[in-house]
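Subject: Structure for your review

Dear colleague,

Please find the structure below, handed over for your own work. My notes on it follow.

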Amino acid sequence: NAQYEIPLFDLVMVDLYPFAETVAAGGTEGEIIEKIDIGGVSLIRAAAKNHAHTTIVAHKNEYNSFLQAFNDGNGELTLAQRKSFAARAFAVTAEYDGTISDWFAGNKTYTLRYGENPHQKGYFLGNLESIFTKHQGKELSYNNLLDVDSAVCLLNEFQTSEGSTFVIIKHNNACGVATRDTVLQAWTDALACDPVSAFGGILATNSKVDLATATEINQLFFEVLIAPAYDAEALELLKGKTNRIVLETTGEVLLKSPMIRTALNGVLVQDRDLLTETQDQMTPVTNTLPTEAQLNDLEFAVKLVKQTKSNTIVLVKNKQLLASGTGQTSRVDALQQAIEKAAAANGPARMLMHIAGIGTAKRVVGKDGNAAPLEDFAKVVNVNLIGTYNAARLFAAACAKLEPLRSEEHTSELQSH
């Protein structure tokens, strides 16, 4: 520098071309590509690299911070301050390049009506059109997208070779699930679990929706329906209410991994849970061994509890969710919630444990790592327990042969647990 008498740069300020804004405004491909800044990014990176001597301000949102530091230091910034601006500068270029990469990959930024609550802004970064064909309906909301994700995650646990599966999701948890020979029967039995919670829910199936099924679904108010295909008559019927969101999957929905969420001043990253336990991973821990049908129901229950918020208890029989206790702070509360919901839907309190009037085998799966729910269950009713323990997920799982409650004493004891 001294040889050529080139002065040092004390400050570099750059505001990159508005690439993201051009995409959001619906610009043409030519207009969007024109807004890919090259020289500006080079300037930012060069100045940030040389932060020992130069201050870089890489975004207009940093102007106030720079002016504050500049005035407080009488026109000079400390090395620590320059290093802080350099870190933010690299973050700006990383985000800028990431946005460009997403655009080339087909990903988009969707501006949602609002976030989880009306006073929060909400956005979705992805490519919904690559996984869904939208036949009609309003735009998916922030909460819709969370529920749709939960529905897809749960439905992906079931193979079409097992039969037609229908799931009903409300607030990210299943309130109805059934696998049957026909999609109509799957819908009927899924809805039977909790028709009250199903109101305004997210519905999803892995089978084509025919007219008979659509006729039954049409009687319920719902937010979103997802299916791999629709008969023409069924689709016309479902489109009768314009706000309904009717989606058709365009093939296998591949969920992104790893899973990322913010925490404190950083992010948490983990692999997506792709492990679903099967019968050969279940070890009997009781003298009475479960039957094949009971093991099939345990597999079904494991799929549900895997995709349900802990603490969780699910009650299932014959590949149908009967009731669940979800998101409770204790296993006992989760169990009591499941039992009470089953009783409210299917029978009087004095026959509490004759869930759905069946009175034979029930499945209980507890999600948190030990078998305590089995003990709680046994204290309340006269049962013969058949238990399995799964080391892979540390699940407690049981089948119970249930009998009617015999006195008001048992009811009181249940309430106390």
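How do the residues of the lining of the second largest pocket divide into nonpolar, polar and charged? The model is a predicted one, and in it this lining comprises 15 nonpolar, eight polar and nine charged residues.

The pocket itself holds about 1,100 Å³ of space. Its lining is made up of 32 residues, and those nearest the centre of the pocket are Ala-20, Glu-21, Glu-95, Tyr-96 and Thr-99. Four elements each supply at least two residues of the lining: helix H1 (19–24), helix H5, strand S3 (108–111) and strand S4 (123–126). Of the contributions to this lining, that of H5 is the largest share, at nine residues.

Helix H5 also takes part in a helix pair. Two packed helices are described by the angle between their axes and the distance between the axes. For helix H3 (residues 39–49) and helix H5 (residues 79–104), the angle is about 150 degrees and the axes lie 9 Å apart. H3 is therefore roughly antiparallel to H5, since an angle over 145 degrees counts as such. The crossing in which H3 passes H5 is left-handed.

On the H3 side, the contact is made by Val-41, Ile-44, Arg-45, Ala-48 and Lys-49. On the H5 side, the residues are Ala-86, Ala-89, Phe-90, Thr-93 and Tyr-96. Sorted by class, this contact has seven nonpolar residues, one polar residue and two charged residues.

Most residues other than glycine have a negative phi, and most peptide bonds are trans.

- Pro-258 is located in the loop between strand S10 (245–249) and strand S11 (259–263).
- Asn-311 belongs to the loop between helix H11 (292–306) and strand S14 (313–316).
- The loop between strand S6 (164–170) and strand S7 (173–180) is the place of His-171.

With kind regards

Conventions:
Residues are numbered from 1 along each chain as its sequence is written. This is a predicted model: local features need pLDDT of at least 70, side-chain atom pairs count only at pLDDT 80 or more; totals for chains, interfaces and linings use all residues. Side-chain values use heavy atoms; hydrogens and water are left out. Axes are lines fitted to C-alpha atoms, for helices over the stretch in contact, and angles run from 0 to 180 degrees between N-to-C directions. Angles under 35 degrees count as roughly parallel, over 145 as roughly antiparallel, 65 to 115 as roughly perpendicular and the rest as oblique. A crossing is left-handed if the near helix is turned anticlockwise from the far one by less than a right angle, and right-handed if clockwise. Contact means heavy atoms within 4.5 Å. Ala, Val, Leu, Ile, Met, Phe, Trp, Tyr, Cys and Pro count as nonpolar, Asp, Glu, Lys and Arg as charged, and the others, Gly among them, as polar. On a 1 Å grid over the protein atoms alone, a cavity is a set of points where a 1.4 Å probe fits but cannot get out, and a pocket is an open set with protein on both sides within 12 Å along at least five of seven lines; lining residues have an atom within 4 Å of a point. Grid points are joined across faces, edges and corners, and a volume is the space filled by probe spheres set on the points.
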